[in-house]
Amino acid sequence: MRSPSRTSGTLVEIENNRISNQARRLHFKRSSSWADLPQELLEIISRSLNIVDYQNLGRVCRSWRLFYSEFKQSFLTSHSPLIVYSSARAKKYCHFFDIATRMKYKTKLPRYLCNFKFCLGVSSGYLIMLSLKKKDVSRALWVINPFTGHQIQFPCMPRPPHINDCSDAGIFRSIFASFGSQGQEFLIMILYKHGSSLQFCTSRDNKWKEFHYINKGWRLLDIVVFDGRIYALDSNFQIGIFNLRSCDLRFLELKFAPRLCSYYDKWIRLVTSNDQLFVVDPSVLYRIDLSRMEWVKVYNLSDQALFHGYDDMMCSKVINPSKWGGQTNYTYGLFFDSKRCSLYSFNREEPQNAIAIDVLRNGDYSWYASPKMYSWYFLHQSNGIDNVRDD
């Protein structure tokens, strides 16, 4: 496994390649008067900054850097979700679209990823990329954080997906997490839904292992890290905990399990948010109450909103959108084909007048090409990695 690097892949520019007005102000002479600004004033300044300008704020001087580090997670949590996108024609960049401000950012991919074939998923703020060099038929997995530049290469999978499979939306689920009590090791797990095994690799062993479930009468639909464990959902809508040491899956005995829509099972997701575990099907949200070991149907999101992707590797979350002026008790649906975000009330008894946010810009025809990457990206996840306990 190649050692991590922090020199490439960081999100450092706005799409139009011009420094914004806020960023220009931060490039003024770094006099002591700027360094001595009170924290209250820095908080006011930071509220008006976009993500690129906030990163620049941390580079002005030592006192601003300390402020940046202390309040970074709060800033990221209050930021609206992004849509990460890369078309089939893209070779050097992937793009980010802010649904609140309509701003578009881009990050330059590391040289060895400029011809990546597909993004297998987004996990813990990391993009999991399948790379295929022009003169090399071997495949490699790269895991990269586009905001910090942290990147890791894992060895080739024993059963890598065919490139033709990458055009079929909704067949990959993936996990990237730290591993063990110290959090110094890393884990990658790939679920290929058309296959019959779950493949995973830890940096400790640097070897891929497989959990086979052929001829078991079910197949896995999704995997997620929650409360230090790996949870899996199968096609019989059972939820289980996967043990890395014994390489087995133990199903939970949950009451009131519903019969979900199996025809659209590629849209069914396990979702972790606010220290809770959810199951999202195309039209219904369930909370898994592990204290009472039962499924609970959610009828009202209150001050929360559901961000859901209906195809491909689109991760989903239940978060509070009021921090950036979003609609509460709404569903934000991201569709693979339409290149737009649709908003509609979570309360099915209300009139469903969908609100559309176009991700495409006028004249930006490159976005009409089949995407290699199209997913929600939640900024607060880029500042930390989910941990899987070694027990």
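Reader: Okay, strands here are DSSP runs of E, at least two residues each, numbered from the N terminus. With that settled, where is Asp227 found?
Author: This is a predicted model, and in it Asp227 sits in the loop that links strand 14 (220-226) to strand 15 (229-234).

Reader: What's its phi, for Asp227?
Author: Near 55°, a positive value in a residue other than glycine. Most residues other than glycine have a negative phi.

Reader: Is Asp227 buried or exposed?
Author: Asp227 has 53% relative accessibility, and the cut-off for exposed is over 50%, so Asp227 counts as exposed.

Reader: Nice. What about Met293, where does that lie?
Author: In the loop between strand 20 (285-289) and strand 21 (294-298). Met293 also has a positive phi, about 55°, although it is not a glycine. Its relative accessible area is 26%, which makes Met293 partly exposed.

Reader: Switching topic: how do helix 3 and helix 5 cross?
Author: The axes of helix 3 (residues 39-47) and helix 5 (residues 62-77) come within 11 Å and cross at roughly 50°. The two helices are therefore oblique to each other, and their crossing is right-handed.

Reader: Which residues make that contact?
Author: Helix 3 brings Gln39, Leu42, Glu43 and Ser46, while helix 5 brings Trp64, Phe67, Glu70, Phe71 and Phe75. By class, that contact has five nonpolar, two polar and two charged residues.

Reader: And the whole chain, how many helices and strands?
Author: Five helices and 28 strands. Of the 391 residues in the chain, 55% are buried. The chain exposes about 18400 Å², with carbon and sulfur atoms supplying 46% of that area.

Conventions. Residues numbered from 1 in each chain as written. Predicted model: local features only at pLDDT ≥ 70, side-chain atom pairs only at ≥ 80, totals over all residues. Heavy atoms only, no water. Axes fitted to C-alpha atoms, helices over the stretch in contact; angles between N-to-C directions. Helix = DSSP H or I, 4+ residues; strand = E, 2+ residues; numbered from the N terminus. Parallel < 35°, antiparallel > 145°, perpendicular 65-115°, else oblique. Left-handed = near helix turned anticlockwise from the far one by under 90°. Contact = heavy atoms within 4.5 Å. Nonpolar A, V, L, I, M, F, W, Y, C, P; charged D, E, K, R; others polar. Buried < 20%, exposed > 50% of the residue type's maximum accessible area, 1.4 Å probe, protein only. Areas by Shrake-Rupley, 256 points an atom, 1.4 Å probe, with all protein chains shown as cover.
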